[in-house]
Amino acid sequence: MNKKLFIALFVVSTMLVSSVYSASTSKAAVEPIATLTYKTNGGGFRPDYGLYIAQYLSELGIKVNVKVEEWIVFVGTLTVTFDFDLSFVGLTGGGADPDLTGVYNENGSLNMFGINTKMPYGAENEQMMKEGVLIMDLEERQQHYYEWQQLIMDKILPMLPFFSPRSYVANWATLDGYDNRWGIVDSLPYMEFTSLHEGQTSTAEFYDSDAKWKELNPLLQDDASSSYISSLVMEPLMQMTPDFEPIKTGLVKDWQQDETNELLYKFTLRDDVYWNPSFNITGRDSSSDPLVDDDGNIVDPSILMSGDKGEFSDGTNQQVTAKDAVFTLLAWANPITSEDADVYNWIHDIWVDPSDPLSFWIEIDGDPDTEEAENYAPFWSAMTPRVLPEFFLNTTNVTVTYSSGGVPMLGIGEGILDTPQWKTYSTSAFGCGKYMLDYYVENSITVLQASPFWFGVGAIDGTEQDLDIKTFNIRVIPDITSALAEFKAGKLDIMGMTSFPDERKAMETDPKFDVQSALQSYVNFMGFNLRRPFIGGDDNYVFLTESGYEEYTKALAVRKAIAYAIDREEINKVLHDGEYLISHSVIYPVQAFWYYNDVIKYNHDLDTAIAWLKRAGVYKEATTTTTPLPIIGVVAAIMSFVLLRRKKN
């Protein structure tokens, strides 16, 4: 008998633990005023979010049925059947531009919400999104997106933002100057070791780890490990802050809009920037002679590669000019050399300034399919490709080809990817960046040396800098658990800790380490289906009559009530130790330049939630009813019975 009671107690306790709710429960039962279906896919915390949401909304008298679907089924739910009231999804990849066309416009492929131009404020939302991509002035555009965020979050409310997680990086405390928000490449000019740490043999060397790289030509890359190497060797055309604001601390030092043609921009490059030597490092290893001597002289000129036009770089003879910038942008815009050519179809025309070899002009057309040229503000986010050496990668081919925007060009023709220069550049890339490839051992290590030819300006503040880290090593350690062991042993100088929360928390209190965090380009949210009754449907068109609230609709009032009822702070504390950032807007929080901090916020407030339900005319006062013994009471009763049986025995 005792054994059976123990099993019963275990089962009931397990049921209790598997349905943990931190939200307080109502003392009085409330007859449901509506029943909503919450759908999401399995994995992660999304089903747990649904359980919390169901508990919170029960306090409003709203019943929520939580359903978890396979991913492929869930995608169909969001995009085909729309068979849900509430959904939970995440969006990733928030980049430099705030334009969210495709998600919050009527015909957007990701418009799971059912936003349309007929509903109140729908047309205004659509118009503001269209205008947003036409405003060229950065500050004016920023203010426009502030106003748009307030409109959509206050007057439409298609979703309740939840969280943006953080990524964590640890480094040894003897390292100064690393800024996780800017990343290691932009931090390098400011980095130095103040002393040796455990396991370290030289303060002039730096060790990181990554997976094996595959391709060093940025035009042909599809993996982060290859991109990491290229970022050390090359420089972006234009610098942006971690908040995605264009700045003048990189190769592009200035720009201006033409006074008579608002679609025409002039960009000017920094002077005295030179291409690093065009070394062919094939066959080099740890026993090879240095690339350059202590005075910056090339030790073995025979390994310098020449382009199709017979030109090479020795670090001092090939200046980075507007010709390289134009070639880079056109290479990205040409379908022959780029799989992302359509990203650059806004380039209507581009040319080097005839009187200034460091300046180039771009004429913009946001829609090349229309006769009249249009503004296209998101072009800023496409001005950051890594600059490529025109003297080496361009050819003497006289065949005319065209960019995705219709710009004619010479040199880039069919077969260019098979030329010796392009083939070799894939494994012996060079740029005008901080480091030069020295050698690599496949599946083991890639070694880079600080370039004495680098132009010496830090991207973070635009000040003159040098490189105290002379040798940069990237070890191939695809298993992150093995990499962590090497880091703790002092064989690596930096380590991503996002996947190791317990180890990371221990390091945060260990003086041997510094741990930094940065927001990820990700946000998740609970989406409302505005097509459905109660939270949408016909009630989207019924305006409130209460004085001061006539501009809100009945369905919007219900959505606001639901938003105020959900305690995201509590969910964050229980499920994420309070470490996620609570988002309040449709813009990714990582896009700090565009994210509106003063947007309306739906912080947990049950009284406010009830007030909005009352305005909608759907609130029912709680009535005390006889309810079954709560589960915690059942557990207590069973435990008491077990103790009683023990006493009797």
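Ala382 is buried, at a relative accessible area of 6% (buried, under 20% relative accessible area; exposed, over 50%; partly exposed, in between; 1.4 Å probe, protein chains only). The structure is a predicted model, in which local features need pLDDT of at least 70, side-chain atom pairs count only at pLDDT 80 or more, and totals for chains, interfaces and linings use all residues. Residues are numbered from 1 along each chain as its sequence is written, and side-chain values use heavy atoms, with hydrogens and water left out.

Ala382 belongs to the loop between S15 and helix H9 (390–393). Helices (H or I, at least four residues) and strands (E, at least two) are DSSP runs, numbered from the N terminus. Beyond its neighbours within four places in sequence, Ala382 is in contact with Leu329, Val343, Tyr344 and Trp346 (contact, heavy atoms within 4.5 Å). Gln142 lies 240 residues away from Ala382 along the chain, and their C-alpha atoms are separated by 18 Å.

Confidence was examined through pLDDT, the predictor's confidence in each residue, from 0 to 100. The chain averages 91, and 91% of the residues score at least 70. Over residues 1–29 the pLDDT is below 50; this stretch has 39 contacts in the model beyond near neighbours in sequence. Residues 624–649 also stay under 50, and the model gives them 22 contacts beyond four places in sequence.

An open sheet is formed by four strands, in the order S12-S13-S15-S14, with antiparallel pairing. Strands S12 (252–257) and S14 (347–352) are the edges, each pairing on one side only. Neighbouring strands of this sheet are turned by 20° against each other on average, direction ignored. Two strands pair if DSSP finds at least two bridges between them. S12 and S13 (residues 264–269) are joined by five bridges in the antiparallel sense. Within S13, Tyr265 stands opposite Gln257. Helix H8 (residues 322–333) lies across S13, S14 and S15 (359–364), and runs at about 155° to S14. Axes are lines fitted to C-alpha atoms, for helices over the stretch in contact, and angles run from 0 to 180 degrees between N-to-C directions.

A further strand, S3 (residues 86–92), is mostly covered, with five of its seven residues buried. S3 pairs with S1 (residues 34–41) in the parallel sense over two bridges. Ser87 of S3 is the bridge partner of Lys39. S3 and S23 (residues 522–528) run antiparallel and are joined by seven bridges. Here Leu91 stands opposite Val523 in S23. Strands of a sheet pair through backbone hydrogen bonds, either parallel or antiparallel.

Aromatic contacts were then considered. The structure holds 45 aromatic pairs. Rings of Phe, Tyr and Trp (its six-membered ring) pair if their centres lie within 6.5 Å; planes under 30 degrees apart count as stacked, over 60 as edge-to-face and the rest as tilted. The rings of Tyr425 and Phe430 are edge-to-face, because their planes stand at 80°, with centres 5.6 Å apart. Tyr425 is buried at 0% relative accessibility, and Phe430 is buried at 4%. One aromatic cluster comprises Trp255, Tyr265, Phe267, Trp332, Tyr344, Trp346, Phe360, Phe379 and Trp380.

Charged groups also sit over rings. The charged end of Lys248 lies over the ring of Trp255, 4.9 Å from its centre. Arg141 lies over the face of Trp594, at 5.2 Å from the ring centre. The criterion is NZ of Lys or CZ of Arg within 6 Å of the ring centre and within 35 degrees of the ring normal.
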